[in-house]
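Please keep the viewer open as you read.

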Amino acid sequence: METMSAAAARRTALAAQGFAAQGSTAARPTGEANRQHLNRALGRTKLLQMDSVNVAVRAHYMPLYSRLGAYPAELVDNAAWTHSAKKPRLLVEYWAHEASLIPVRDWPLLRWRMREHGGSWRRGLRELLEDSPGLIDDVLAAVKDLGPVGAGTLERELGGDTRQGRGPWWNRTDTKRVCELLFAMGELTTGTRRGFERLYDLPERVLPPDVLSQDPDEHDAVRELVRRSADALGVATEAELRDYYRLSPQRGRRAVDELVENGDLEPVAVHGWRSQAYRHVDARTPRRVRGSALLCPFDPLIWERSRAERLFGFRYRIEIYVPQPQREYGYYVFPFLLDGELVARVDLKADRTAKVLRVPGAFGEPDRDLGKIAPELAAALHDMAAWLGLDGVAVGTRGDLADPLRALTAAS
């Protein structure tokens with residue numbers, strides 16, 4: 001069995017995620033990013049996790065920025081929520097890692113999960129569906145007539161009246177729960193979004209017929225998902241390979257064994273890793289990784305926290321639900337990647353009223369050269385502010401990087 005150093009595993013993971021090109025610099029376009037660049041980045045990440053938090057930027061936009069640099073957000077919006085003959089839809093929503101945007105072609109690989117969710121989510125709504133047995137058919141019929149449509153509009157159109165509290169559909173929460181059940185079952189999908197509100201539609205009006213007609217065997221589909229995980233991760237443990245698409249241990253282990261047997265995965269030993277590692281057969285290990293990137297909490301490079309700690313020696317926890325006085329670093333903290341290492345973290349908030357990117361706290365990792373990090377981080381923050389349409393950066397007082405960052409941002 002081949003042995004890899006921890007540093008080689010780290011560079012392999014960074015290359016797999018699109019943070020290395022020709023072994024030297026981040027793979028960013030020289031001009032404005034287009035659909036070709038989007039497809040290339042998605043070929044690395046495979047999916048974009050979604051999250052409702054908008055304190056800095058929505059989670060599904062940031063991983064592309066981290067890899068491509070400044071790009072028009074409409075590139076994602078058009079790929080996910082519009083369709084034309086000239087520019088067909090590239091992305092569709094479903095439960096992959098969590099709520100995610102996935103390539104349209106990958107939707108059939110999750111048909112088995114749709115059947116599985118149909119049973120488990122339906123059990124969770126047993127009482128509601130027993131009391132109102134026609135709800136599912138009513139919602140599907142209404143979406144067919146009105147879609148793409150939000151849950152609130154559906155509730156009103158189906159006869160509910162929240163002011164009078166009468167009618168079988170007076171409770172909007174019930175409407176939303178049934179819509180989400182049907183979404184989990186694959187009977188509804190997201191036609192488009194209004195702001196961040198999901199507007200439901202029928203899959204046959206969103207997905208092409210050749211995608212809808214596919215229903216691969218569950219076993220084959222799971223194996224393909226694990227193969228894609230391996231391609232996205234470069235080198236990973238079995239647990240990390242199945243976590244990418246939230247697969248069960250039994251499914252993941254079987255798929256890994258078969259991919260090893262087929263030659264898609266190579267077992268390797270990584271220094272310092274307690275668990276067996278597997279490297280994708282096409283993974284490459286650059287000699288060095290150059291460049292910088294701010295990473296949102298839901299970036300696939302770091303979303304599996306134990307993997308981030310193993311790869312980078314970087315202990316990372318999101319503190320959104322921690323009471324403010326007890327937070328160590330801040331509400332919504334972005335790790336900072338510099339030349340292949342996670343060297344700092346910054347608490348970020350887009351103040352859209354004042355038109356500034358606020359940095360309440362900035363913290364260097366232990367034993368790092370703050371004099372080197374500060375100018376690189378200041379430049380990255382100014383670039384991100386410009387991308388978000390903000391006029392500048394305002395640095396607070398928390399953290400050992402706050403003073404040098406404040407001096408640099410004030411001078412620019």
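The paragraphs below go from ring pairs to charges over rings, and then to a single arginine.

This is a predicted model, in which local features need pLDDT of at least 70 and side-chain atom pairs count only at pLDDT 80 or more, while totals for chains, interfaces and linings use all residues. Residues are numbered from 1 along each chain as its sequence is written, and side-chain values use heavy atoms, with hydrogens and water left out.

Let's begin with the rings. A pair of aromatic rings is described by the distance of the centres and the angle of the planes. Here, rings of Phe, Tyr and Trp (the six-membered ring of Trp) pair if their centres lie within 6.5 Å; planes under 30 degrees apart are stacked, over 60 edge-to-face, and the rest tilted. By this rule there are eight aromatic pairs. Take Y94 and F183: their ring centres are 5.8 Å apart and their planes meet at 35°, so the pair is tilted. Because Y94 belongs to strand β3 (residues 91–95) and F183 to helix α9 (residues 172–185), this pair ties together parts that are 89 residues apart in sequence. Helices (H or I, at least four residues) and strands (E, at least two) are DSSP runs, numbered from the N terminus.

Now turn to Y332 and F334, an edge-to-face pair with 5.5 Å from centre to centre and 75° between the planes. Y332 is buried at 0%, as is F334 at 0%. Elsewhere, Y65, Y71 and W387 make up one aromatic cluster.

Some rings also have a charge over them, meaning NZ of Lys or CZ of Arg within 6 Å of the ring centre and within 35 degrees of the ring normal. The charged end of R198 sits over F183, 3.9 Å from the ring centre, and that of R345 sits over Y329 at 4.2 Å.

Finally, look at R193 in strand β5 (residues 189–194). R193 is buried, with 16% relative accessible area. Its side chain makes a polar contact with the side chain of E93 at 2.8 Å; such a contact is a pair of N or O atoms within 3.5 Å, where within protein one must be able to donate a hydrogen and the other to accept it, and residues adjacent in sequence count only if both atoms are side-chain atoms.

Note on methods. Buried < 20%, exposed > 50% of the residue type's maximum accessible area, 1.4 Å probe, protein only.
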